[in-house]
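Me: Could you take me through this structure, one topic at a time?

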Amino acid sequence: MTPDERLDATFAALADPTRRAILARLALGEASVAELALPFNISQPAISKHLKVLERAGLISAGQDAQRRPRKIEGLPLGEATAWLEGYRQFWERRYAALDGLLGQLQAKPPKSPRKRH
Amino acid sequence: MARMLEKAQVSLPSDTQVRVIRDFKAPRALVWQAHTEPELIRRWMLGPPGWSMPVCEMDVRPGGKYRWRWRSDETGAEFGFFGDFREVDAPAKLVHAEHYDPGDVGGAMDASQPTIIQTLFTETAGITSLEMIMTFASKEIRDAAVSTGMTDGMEMGYERLENLLSGLN
């Protein structure tokens, strides 16, 4: 794959919420297909399909154990810990950006003035 | 003049803690209100994209209870948090205990042991600094909580992701 194709595959892989949830789970440690299927309301074959997309994008790999073939996360170049914490930071920043907006509105309209809306 | 922290910063002070800091252009009485009044909380305490917050009950006094629930617009699935206030010192300090309510969503977090969340509000020259320290019952529970947030954060952070992935090739 060329670098561009790789990036396309990675973004396509990340465009699905189930696949992002699988990655979040694997950030905690490797897991088998059965273990990954557990929290989702979908079949193991459907999970396997998602895993194939993630594997193709190089985001995860399958382990050596022939029975379990545990999947693990791969290739987060900043280090898993940094990426992991950055995602959490963005979770809060999204809320705080909304809070910025709310605080701006509250200060533009002093709370004591009567509401004109009907 | 101190520089304003316009974006949230996250750090891990210990194995069981997460610390989030952020500044706001507003007096702290107002930031306090936004953290304690239900009709204001539900305007910024966003769930995952596509989820609304139908339940937000707050009884802000020591021992008072609270309950938050988010609902998926698409599937109707719900999850939330509930708990009680341990320390209320308006508008400077709020400490609450938080239990995860897995609802229809599930999740590995053990609801029997609460997370203790301390929020400090300080104001300098009209800028309010918020410091939130979450202390989880174990490292495993903390790591699971941070990973759950990661899934939501990714919805917003594609431009960051591009930086992150540029070293992959």
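The conversation below covers confidence, chain A and then the sheet of chain B.

Me: What kind of model is this, and how are residues numbered?
Reply: This is a predicted model, in which local features need pLDDT of at least 70 and side-chain atom pairs count only at pLDDT 80 or more, while totals for chains, interfaces and linings use all residues. Residues are numbered from 1 along each chain as its sequence is written, and chains are lettered from A and ligands numbered from 1 in the order in which they are written.

Me: What is the mean pLDDT of chain A?
Reply: The mean is 78, and 79% of the residues of chain A reach 70 or more; pLDDT is the predictor's confidence in each residue, from 0 to 100.

Me: Where in chain A is confidence lowest, and where highest?
Reply: Confidence is lowest in helix H1 (residues 3–14) of chain A, with a mean of 71, and highest in helix H4 (residues 44–56) of chain A, at 90.

Me: How many helices and strands are there in chain A?
Reply: Chain A has five helices and two strands, in the sequence pattern α-α-α-α-β-β-α. Helices (H or I, at least four residues) and strands (E, at least two) are DSSP runs, numbered from the N terminus.

Me: What share of chain A is buried?
Reply: Of its 118 residues, 31% count as buried. A residue is buried if 20 or more other C-beta atoms lie within 10 Å of its own, exposed if 12 or fewer, and partly exposed in between, with C-beta atoms placed from the backbone.

Me: Why is helix H2 of chain A described as largely enclosed?
Reply: Seven of the 10 residues of H2(A) (residues 17–26) are buried, so the rest of the structure largely encloses this helix. Among them are A:Arg19, A:Arg20 and A:Arg25, as well as A:Ile22 and A:Leu23.

Me: Back to H4(A). Which of its residues are buried?
Reply: A:Ile47, A:His50, A:Leu51 and A:Leu54 are buried in H4(A). They cover an arc of only 100 degrees around the axis, which puts them on the same side of H4(A); the arc is that of the directions from the helix axis to the C-beta atoms.

Me: And what does the face turned away from that buried side carry?
Reply: That face of H4(A) carries the exposed residues A:Pro45, A:Ser48 and A:Lys52. Just after H4(A), A:Gly58 takes a positive phi of about 75 degrees.

Me: On to chain B. What is the strand order of the sheet?
Reply: The order in this open sheet of eight strands is E1-E2-E8-E7-E6-E5-E4-E3 (chain B), with antiparallel pairing. The edge strands, each pairing on one side only, are strand E1 (9–11) and strand E3 (51–58) of chain B. Two strands pair if DSSP finds at least two bridges between them.

Me: How many bridges join E5(B) to E6(B)?
Reply: Nine bridges join these antiparallel strands, and E5(B) and E6(B) form a hairpin with three residues between them. Within this pair, B:Glu87 has B:Val95 in E6(B) as its bridge partner.

Me: What about E4 and E5 of chain B?
Reply: Strand E4 (residues 65–72) of chain B and strand E5 (residues 78–89) of chain B pair in the antiparallel sense over seven bridges. B:Arg67 stands opposite B:Phe82 in E5(B). Five residues lie between the two strands of this hairpin, and B:Gly76 in the turn has a positive phi of about 80 degrees.

Me: Which strand does E6(B) join through six bridges?
Reply: Strand E6 (residues 93–101) of chain B is joined to strand E7 (residues 115–124) of chain B, and the two run antiparallel. B:Glu98 has B:Thr115 in E7(B) as its bridge partner.
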